[in-house]
Amino acid sequence: MVSSVAQLTIQIPDELAGRLEPLQSRLPELLWRLLDSDPTQTTQQSQVNTVTGEIAEVYQEVLDFLIKRPTLEEIIAFKVSANAQRRLQILLEKNRFGTLTSIETAELDVYEQLEHMMILLKARAMKK
């Protein structure tokens with residue numbers, strides 16, 4: 001069976017667009033999950049708002065660091081904030097116990113992607 005793909009254009013506030021940007025590659029999956037979820041679960045809706053804000057926050061943190069044109073030494077020494085590290089520990093703990101929600105899984109994926117990028121960046125900085 002061949003599945004067709006439609007393009008959907010919506011107008012949303014700039015703030016929301018900024019918060020959704022880190023999730024761009026996962027939006028179709030997240031929309032499917034949202035449609036399949038129980039609409040009476042209002043806690044899930046508030047969780048989506050909180051989590052997307054935190055994802056945008058950690059992305060913003062890394063982007064702010066990189067836009068300052070850090071030295072090789074600063075790149076090698078870079079660590080995300082204590083707040084981001086605490087959130088990552090919470091997600092890893094929930095992952096160990098298999099209690100991550102789909103939104104938290106997407107959030108953990110973002111942390112993993114950022115960590116991988118920074119490892120590669122640090123390795124390159126060490127070679128120079």
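Analyst: Happy to. Helices (H or I, at least four residues) and strands (E, at least two) are DSSP runs, numbered from the N terminus. A123 is found in helix 6. This is a predicted model, in which local features need pLDDT of at least 70 and side-chain atom pairs count only at pLDDT 80 or more, while totals for chains, interfaces and linings use all residues. Residues are numbered from 1 along each chain as its sequence is written, and side-chain values use heavy atoms, with hydrogens and water left out.

User: How many helices and strands are there in the protein chain?

Analyst: The protein chain has six helices and zero strands, so its elements run α-α-α-α-α-α from the N terminus on.

User: Why does A123 count as partly exposed?

Analyst: Buried means under 20% relative accessible area, exposed over 50%, and partly exposed in between (1.4 Å probe, protein chains only). A123 has 35% relative accessibility, so it counts as partly exposed. In space, the C-alpha atoms of A123 and I75 are 9.6 Å apart, although 48 residues separate the two in sequence.

User: What makes K94 partly exposed?

Analyst: K94 has 25% relative accessibility, and therefore counts as partly exposed too. Its place is in helix 5. Leaving aside residues up to four places away in sequence, K94 touches T99, L100 and E104, where contact means heavy atoms within 4.5 Å.

User: Why is helix 5 called oblique to helix 6?

Analyst: Two packed helices are described by the angle between their axes and the distance between the axes. Axes are lines fitted to C-alpha atoms, for helices over the stretch in contact, and angles run from 0 to 180 degrees between N-to-C directions. Helix 5 (residues 82–96) and helix 6 (residues 102–127) pack at about 125 degrees, with axes 10 Å apart. That angle makes helix 5 oblique to helix 6, because under 35 degrees counts as roughly parallel, over 145 as roughly antiparallel, 65 to 115 as roughly perpendicular and the rest as oblique.

User: Which residues in helix 5 and helix 6 meet?

Analyst: A84, R87, L88, L91, L92, K94 and N95 in helix 5 meet E104, E107, L108 and Y111 in helix 6. The residues of this contact divide into six nonpolar, one polar and four charged. Here Ala, Val, Leu, Ile, Met, Phe, Trp, Tyr, Cys and Pro count as nonpolar, Asp, Glu, Lys and Arg as charged, and the others, Gly among them, as polar.

User: How much of the protein chain counts as buried?

Analyst: Of its 128 residues, 24% count as buried.
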